[in-house]
Amino acid sequence: MSEHRRKPPQPQGGGRAAARRGQSGSSSGRRAAPRGATGSPSGSYGSDPYNAGGEERPYGGRAEARRAAQRSGGGRRRAADPGHGRRAAPGGPAGPGRGRGRAAPPDRKRLIDYPRAGKYGWQRWVPSWRLVSGLCIGFFGSLVAVAGIGYAMVGIPSENTAAKSQNNVYYWADDSQMAATGAGANRQNIDISQIPKAMQNAVISAENKTFYQDSGVDPMGIARALANMARGGDTQGGSTITQQFVKNTYLSQDQTLTRKFKELFISVKVGTKLDKDEILQGYLNTSYYGRGAYGLQAAAQTYYGKDAVNLTPSECAFLGALLKGPTYYDPEGNESIDPAASREANRQRSEGRWRWILGEMRKDGKLTEAQYQTATSKYPMPQGRKATKGMTGQISYLVSVAKKYVLAHSDITEQQFDKGGYQIKTTFEKDKVDALNKAVKKIEKGRLDPEKRDQDKNVQFGAASVKPNDGAIVAIYGGAGYENGHFNNNADTQGVPVGSTWKPFVMAAAMDHGTYKSDGVGVSPLSKYNGNDDIKIKDQDGSYVRTKDGEVFRQQNESDHAWGYITLRKAMEQSINTPFVQLGMDVGMSNVMDVAKKSGILDQSFAKLNASFALGTSTPSAIRMADAYATFAASGKQADPYSVTSVKKGGQDVPGFEKPTIKQAMPEIVAHNVTDLLENVIENGTGKNAKALGRTAAGKTGTTDENKSAWFVGYTQQLSTSVAMFREDPKNSKLLSMNGTAGEDSIHGGDVPTEVWTEYMKAALKGQPDPGFPDGEKIGKVQDAEGAPSPTPSFSQPPTTPPAEPSPEPGDTGPSPSPTPTPTDCGFFGCEGDTGGNADGGGGTETGGADGGTTPTPAPTDGGGDVGTSNGNDSGGGLFGGGTG
């Protein structure tokens with residue numbers, strides 16, 4: 001039987017009839033309302049505990065019981081209020097004026113009265129002042145408790161503990177140890193009495209003017225850091241000297257919320273436990289000043305070769321400027337870390353901040369006017385870098401490249417890295433590094449004599465060797481070594497134009513993209529372009545390219561030999577400039593740049609897009625050139641160069657050192673055709689000296705205007721290697737002419753650089769097979785340049801008389817008679833007659849010169865399309881970035 005049909009127990013006192021009689025009597029004869037009609041909460045099943053008379057609880061359904069339960073809070077109040085009800089029930093147990101209905105039993109008391117009982121609508125959700133007050137007190141109480149616990153748990157940092165460091169250990173590719181470097185031998189702690197007052201004042205004026213008055217914590221600075229952290233921005237800035245001291249003692253510089261709060265607690269504790277002189281002493285003893293120097297004493301010895309106590313105010317201001325960031329404020333430059341940190345840029349930044357710090361010291365009353373004038377009279381140029389123990393020969397450059405790669409591919413800062421404790425496995429192969437070093441030294445010794453010839457002085461080499469289809473850098477030659485005062489890594493240098501080694505990118509772009517008039521159809525290497533000297537270059541709209549002065553731009557070759565219209569294959573073989581400049585204009589220099597970029601050349605390396613761009617005014621590093629040519633060797637597949645395979649700290653792998661992804665940079669057929677052209681360069685052209693390698697190879701020579709640099713870049717399927725040679729003024733790092741160097745009228749890429757390349761590759765590939773290169777297919781269609789003579793018709797029987805020679809164009813030198821074609825220029829296009837003449841009209845290597853042509857001085861102005869406004873020869877590109885040079 002359902003609940004609402006059960007018969008409730010009968011109350012004592014006569015049952016329902018007696019109850020009705022009693023109600024009737026007390027109501028002066030008025031009939032009682034039906035059950036539930038009053039709207040009272042009596043619909044709940046059961047008896048009313050507040051009904052002392054034991055009045056029967058009337059029937060009610062389940063719906064009425066729920067409504068009664070919902071009104072239970074109000075019912076209790078109405079039961080307690082004699083005048084609340086709308087209809088009085090005199091004689092009830094509550095006395096006269098009892099409210100309508102009966103109240104439900106009271107709810108169990110809640111700890112938090114929310115939502116609020118007894119309230120309806122929106123008032124039910126408005127917390128009471130007691131609740132708000134209680135929550136606020138609890139929240140702030142919890143903060144105080146957490147702060148107290150945090151304060152009690154943190155310790156005071158020790159500058160002696162921070163001074164302890166570990167070595168960074170570098171390994172060869174075969175896991176044998178290459179070098180161990182660290183800052184442990186280059187850090188000492190000194191007492192505040194040995195720190196010049198000028199140094200103390202310099203950092204206070206520059207970084208924390210209220211140091212002696214503040215509590216050691218900058219709340220606004222912390223708030224800014226937290227806000228920046230929430231936005232994902234830089235969290236540095238705004239810290240007091242106390243906070244910086246605390247930060248210096250951490251081995252981990254992670255910018256996390258946890259670390260910031262921990263730094264806050266420690267800073268507060270340091271401010272209460274240590275006096276200001278102790279804090280300042282700790283800060284200067286634990287700060288990083290660059291060049292591996294931690295602490296003021298090490299910095300004084302590193303930069304000025306003296307003890308800290310003997311530093312002048314001017315020198316103190318210089319060292320204070322380094323605290324802003326030694327990578328960018330060391331006037332010696334740090335291009336191996338960041339190409340933006342060049343000598344010129346760093347000197348400008350350093351001198352500006354040095355002068356500003358001295359001005360702040362004067363403003364703060366720490367220097368008199370006379371002292372200020374003395375201090376600012378001359379910039380205190382520090383001494384140059386010195387080789388550290390074990391950092392000699394090529395090891396210093398190998399470590400530099402590996403360190404740069406680690407910093408570029410992880411969140412590790414230079415300061416954190418220099419504290420040591422890392423194990424770095426590199427891609428460098430010791431036997432190949434030794435072979436490259438020996439090759440340079442052998443050729444250098446045999447060809448150069450600085451004692452007898454001034455033109456042999458300040459000659460430098462840079463070289464790199466990369467695995468095709470992988471990107472691993474197996475060897476570099478960076479220079480004479482740190483121990484000889486040469487700190488710039490020539491394998492990763494900026495500012496050395498690559499010259500005619502750029503022409504393969506022009507040819508690849510022509511094969512891949514075609515010209516503006518070919519509707520996307522690639523250009524065949526058998527297409528003919530004008531190879532004469534001093535020709536006018538046309539833009540895609542048919543107008544002539546002009547110089548800055550508005551004159552018509554004329555492109556020169558190295559010699560005035562009259563080549564006439566020659567195939568691009570022949571032009572590559574003899575490195576003739578004029579065909580490739582016009583070809584570059586027809587293809588579009590932006591397409592040339594795109595192909596070079598996809599091959600591995602960095603954006604920062606590119607010169608401005610003008611007609612001379614086709615001749616190698618860009619300045620990639622030796623590492624990047626070797627990697628870009630490796631793309632040709634690997635059938636168009638490109639992998640970024642890398643020097644580190646793993647980094648560990650405390651036995652745990654540091655993320656970010658997976659092998660680079662291999663990408664298809666250009667179609668295989670394009671890469672194979674370029675390789676075929678470059679094989680011919682070695683067989684019959686300007687790279688003939690490389691034939692001494694004794695195996696199949698491809699390569700290209702490069703020489704720049706006034707012979708300021710000479711290159712050879714070549715490859716087999718196993719290795720791609722680039723060699724650069726240049727002269728540099730040691731005073732300003734500007735390139736000097738190599739005319740007369742090695743006793744030659746001029747140095748070309750096919751000369752000394754090719755000899756170094758060949759000597760190295762012989763040793764590096766010894767015992768390895770000669771796989772040759774993949775066969776290619778004919779590509780594109782013949783698209784002769786404007787003005788090229790029509791091809792001679794072919795006959796089944798040779799004509800009895802030779803065909804007439806084509807007439808030369810007005811202003812151009814006509815073609816010369818050609819000898820019978822020889823099979824010296826045969827590729828998978830068949831044999832050409834390019835060694836001599838007909839339309840090609842010319843001679844061979846001897847006539848064309850050792851390299852066939854150099855990058856010219858004249859720079860065209862904007863000629864429309866992709867052409868820029870000047871000869872951009874001022875950009876540079878290192879392994880991971882570019883810079884000015």
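Colleague: Leaving aside its neighbours within four places in sequence, which residues is Trp502 in contact with?

Modeller: Apart from neighbours within four places in sequence, Trp502 is in contact with Val592, Ala596, Ile601, Phe606, Phe613, Ala614, Leu615, Gly616, Ser618 and Pro620. Contact means that heavy atoms lie within 4.5 Å. This is a predicted model, in which local features need pLDDT of at least 70, side-chain atom pairs count only at pLDDT 80 or more, and totals for chains, interfaces and linings use all residues. Residues are numbered from 1 along each chain as its sequence is written, and side-chain values use heavy atoms, with hydrogens and water left out.

Colleague: What makes a set of residues a nonpolar core?

Modeller: The residues must be buried Ala, Val, Leu, Ile, Met, Phe, Trp, Tyr or Cys, joined through side-chain atoms within 4.5 Å. The largest such core has 127 residues, and Trp502 and Tyr760 have the most contacts inside it. Helix 16 (residues 395-408) supplies the largest share of this core, 9 residues. Helices are DSSP runs of H or I with at least four residues, strands are runs of E with at least two, and both are numbered from the N terminus. A second, separate core of 43 residues includes Val203, Val246, Leu358 and Tyr372.

Colleague: Why is Thr754 called buried?

Modeller: Buried means under 20% relative accessible area, exposed means over 50%, and partly exposed lies in between (1.4 Å probe, protein chains only). Thr754 has 0% relative accessibility and therefore counts as buried. Thr754 belongs to helix 25 (residues 752-764). Leaving aside neighbours within four places in sequence, its contacts include Gly687, Asn689 and Phe712.

Colleague: How do you know that Glu755 and Arg447 form a salt bridge?

Modeller: A salt bridge requires a side-chain nitrogen of Lys or Arg within 4 Å of a carboxyl oxygen of Asp or Glu. The closest N and O atoms of Glu755 and Arg447 are 2.6 Å apart, so the pair qualifies. This pair links distant parts of the chain, 308 residues apart, with Glu755 in helix 25 and Arg447 in helix 18 (residues 430-447). Side chains of opposite charge can pair when their charged atoms come close. A search of the whole structure finds 34 salt bridges.

Colleague: Are Glu755 and Arg447 buried or partly exposed?

Modeller: Glu755 has a relative accessible area of 25% and is therefore partly exposed. Arg447 has 17%, so Arg447 is buried.

Colleague: What is the N to O distance in the salt bridge of Glu706 and Lys708?

Modeller: The distance is 3.9 Å, N to O, and the pair therefore falls within the 4 Å limit. Glu706 is partly exposed at 41% relative accessible area, as is Lys708 at 28%.

Colleague: Why is Leu111 called exposed?

Modeller: Its relative accessible area is 86%, so Leu111 is exposed. Leu111 is found in the loop between helix 3 (72-80) and helix 4 (129-153). Together with Ile112, Tyr114 and Trp125, Leu111 forms a nonpolar patch on the surface, with about 500 Å² of accessible area (Shrake-Rupley method, 1.4 Å probe). For a nonpolar patch, residues need over 30% relative accessible area and no salt bridge, and side chains of Val, Leu, Ile, Met, Phe, Trp or Tyr are joined within 5 Å.

Colleague: How many disulfides does the structure hold?

Modeller: The structure holds 0 disulfides, a disulfide being a pair of cysteine sulfur atoms within 2.5 Å. Cys316 is buried at 0% relative accessible area, and Cys136 is partly exposed at 39%.

Terms used: Patches are made of residues with over 30% relative accessible area and no salt bridge: like charges are joined within 9 Å, nonpolar side chains (Val, Leu, Ile, Met, Phe, Trp, Tyr) within 5 Å.
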